[in-house]
Protein chains: 2
Amino acid sequence: MGALELENGGVIVPCCFDDDEEEVEEYGSGSQGSVEEAVEVLLRGLGEDIRREGIKKTPFRVAKAFRDGTKGYKQSVDDIVQGALFPESGLNSAKGHAGGSGGLVVVRDINLFSYCESCLLPFRLVCHVGYVPSGQRVVGLSKLARVADVFSKRLQSPQRLAHEICSALQTSINPGGVAVVLQCWHIQMVSDGESIKSSQNWSSVHVRSTSGTFDVQKSDLLEDFLTLLKFQGMRSSSSNHTNGRVIKPWCPMLSSTLSLSPCTAPPMIRAVTSIIRSIGENPNRNELVGTPLRFVQWLMQFKKSSLGINLNGMITNQNDKCFDLEPVLDMFSELNIPFCAQCEHHLLPFHGVVHIGYYRSKIQDAAIGIGCYDRRLMNLIVQFYGCKLQVQERLTRQIAETVFGIYNKGVMVVVEADHVCMISRGVEKLGSNTATVATLGLFLVDSDAKSKFLKNVVECK
Amino acid sequence: MGALELENGGVIVPCCFDDDEEEVEEYGSGSQGSVEEAVEVLLRGLGEDIRREGIKKTPFRVAKAFRDGTKGYKQSVDDIVQGALFPESGLNSAKGHAGGSGGLVVVRDINLFSYCESCLLPFRLVCHVGYVPSGQRVVGLSKLARVADVFSKRLQSPQRLAHEICSALQTSINPGGVAVVLQCWHIQMVSDGESIKSSQNWSSVHVRSTSGTFDVQKSDLLEDFLTLLKFQGMRSSSSNHTNGRVIKPWCPMLSSTLSLSPCTAPPMIRAVTSIIRSIGENPNRNELVGTPLRFVQWLMQFKKSSLGINLNGMITNQNDKCFDLEPVLDMFSELNIPFCAQCEHHLLPFHGVVHIGYYRSKIQDAAIGIGCYDRRLMNLIVQFYGCKLQVQERLTRQIAETVFGIYNKGVMVVVEADHVCMISRGVEKLGSNTATVATLGLFLVDSDAKSKFLKNVVECK
């Protein structure tokens, strides 16, 4: 089998996608055990020693997170809604527009996450749901969020998710109509020659789905609903507003051009296929056929030593090299260097920016144009340590130690990151983020330099 | 027993706070059943028919929400942390400041809620945790959020909560030091003569707790930590920054001056005392002694018909009264009328603003100074329907219908509210909020007027 390539969304289906009975046997067919074994295959494919302390429980954690994150397959909308329909007099008993005086009900800004059916990575979304009560009953407000949550905890595309939420509410509540608007954000990786960095620009999309009275041509209901969302600062006129049509693939992996080694890929792809099967999904569903390949492509970016950077050749002690006399040192900083690493505990990305403060002589600037050199060097160091299975604390320390090997008077590193594992697992702490600091040399004793560096970081935002 | 009054935080302890064996028997001592019975006592005290459709399952829902919301009493920090300590070489094996090059680790912006120990209402908080790893190990980042969650799901004051999180992390991880900063927001009720409205200004407080190396006088660690929080726009110099001391009572019920009827209060107070006991708390703990009284005081603001407003006297049809000829009608609006209601499904507040659009003749303005009259009238109507056990859909409809009784050409009402029950129960959808609309008369057919009104609402933000 040759190298497997995906270009502009085109998927070359390799032979291992065939429904192979033996393979199902190999990973079981639904038990958590099978997911754990599949994750072990992936870790080995990444060149990792699966007995290493940090990752030896990773298969267990990944299986648990994946099971929790896709529990929507086992949940019933009717169970959620049936107990929470409350009679309200004053509403028209017939279906229709604002029967009696009971009109639109909107729950806005429901924070959720879902799993991208194209690449298996979690994506974040904000959901807005509106409906028109009818039949003299209203549904408990929290149930709108609960139902949205059931469908978001499945493998989804934004548009499919909006349709499923809308259709389930229409069927279970039987109201005048339902409208759903989703704003979704997907992590992006930009391959930039040898280095791979996370773009600060998320791939985002804005979709909607409507039913019942919202679909009536001459009704203002949909407009009223969108206006109510505007109350919260939502720009319904934004350029990625698709009116239900997604113009370009929203999942960045659909237009990825990364290639895979033919040796490691098939077992890993089979492992991912078995994970998809284990949650009750059909790996042969059209939208899922290329997913195992894309997920493996994503993962393989974090293969141990996959970056061909020989830092040894670049790293020489600049302080030693350029000065015979004791130099006058100044504090410099390289700020907002983007990175995307893979959390070794959960096999999920964490990404953000690195800020590096360091001491060197100003004279070096003029001498060897070292400013540009520094930026490029620091960027390479960040990519080298960032683009693998990592923990943020270690990444911070490794960057600091490596830079200290070059500028050995003093180094301070701040890494700020969002952890997808913090967002999408049981914790579900949306909006939380992590900062780590490493300090070496002069920064440990020079409070002023430290303050100045941190102030630089604050001001560069 | 005379009327029970609380003034400026002073608590008059009534005789019914004595630990009465019979009373414990009456409500059981820990089973969910006892909480349900206690909630029934509260509902009866509020003048409600507990067989009414909307509230007949409220005791069950309240008991469940209270049990979920205080499950932190049953959780062990050691269980959470022990499995998630990971060895990291490069860290100093001794405790201390940034051993090796591993320094500060900060998880910021953890969204949580807790229960106010002074009044039993949930309050919202954002938690920031920092620690300095030592002993060559780090803790899984999500565990910092998990531990904060354990202590927030108990009856707390902000300062106690900060201390407990800090102390538990120090003990379980045994790091160089721990720092915790909390920003907390408590709902406020402002008694304004006859009408009661929720102030848009939350009672807020900003507290912190530190241990280990963060407490070393000459260390910059605490300053570094606070600077890292500033990255996220946190103003550590805000006026309510208390440096660990709370100057005025943060719980508004501690300075409430509302009085209670001596007949209904004691059974309700006993019921609340039994709820506190059922979650495993000691109702005789100093901070909890006045809590049942304060919670009942809070609740009794929503007693059925507790507001002595006779709307009938004020509501006459202004359109009919002032005109013999067909008047030229204009659209007027009263925006941002604040309210605080009690969700009848969960016995928890929902609060926000009401916007009312209506048609009347401009000529009436000059004739009877009707502009001021309208504002006062609409405010009274909102308080009358808002200040009781409610659901938002009904509140919206009732306001619309009542205003339509006065200005019967056309009325449109938008209610925007935050539901504490959406935040603090299983759903935990922080940041979500609800908008409901009722439309009557000309607004149903005049799209332009509707758009103009909604535009007014958008622009008044």
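This is a predicted model: local features need pLDDT of at least 70, side-chain atom pairs count only at pLDDT 80 or more; totals for chains, interfaces and linings use all residues.
In strand E9 of chain A, Val205(A) is the bridge partner of Cys184(A). Strand E6 (residues 177–186) of chain A and E9(A) run antiparallel and are joined by ten bridges; strands here are DSSP runs of E with at least two residues, numbered from the N terminus, and two strands pair if DSSP finds at least two bridges between them. Seven of the ten residues of E9(A), residues 203–212, are buried, so this strand is largely enclosed by the rest of the structure; buried means under 20% relative accessible area with a 1.4 Å probe, protein chains only.

Residues are numbered from 1 along each chain as its sequence is written, chains are lettered from A in the order in which they are written, and side-chain values use heavy atoms, with hydrogens and water left out.

I turn now to the interface. Strand E2 (residues 105–116) of chain A pairs with strand E14 (residues 433–441) of chain B in the antiparallel sense, over four bridges. Within this pairing, Val106(A) stands opposite Ala435(B).

Chain A contributes 72 residues to the contact and chain B 73, contact meaning heavy atoms within 4.5 Å. Which salt bridge involves Lys450(A)? Its side chain meets that of Asp220(B), at 3.4 Å from N to O. The rule, a side-chain nitrogen of Lys or Arg within 4 Å of a carboxyl oxygen of Asp or Glu, finds six salt bridges across the interface of chain A and chain B.

How values were computed: Buried means under 20% relative accessible area, exposed over 50%, partly exposed in between (1.4 Å probe, protein chains only).
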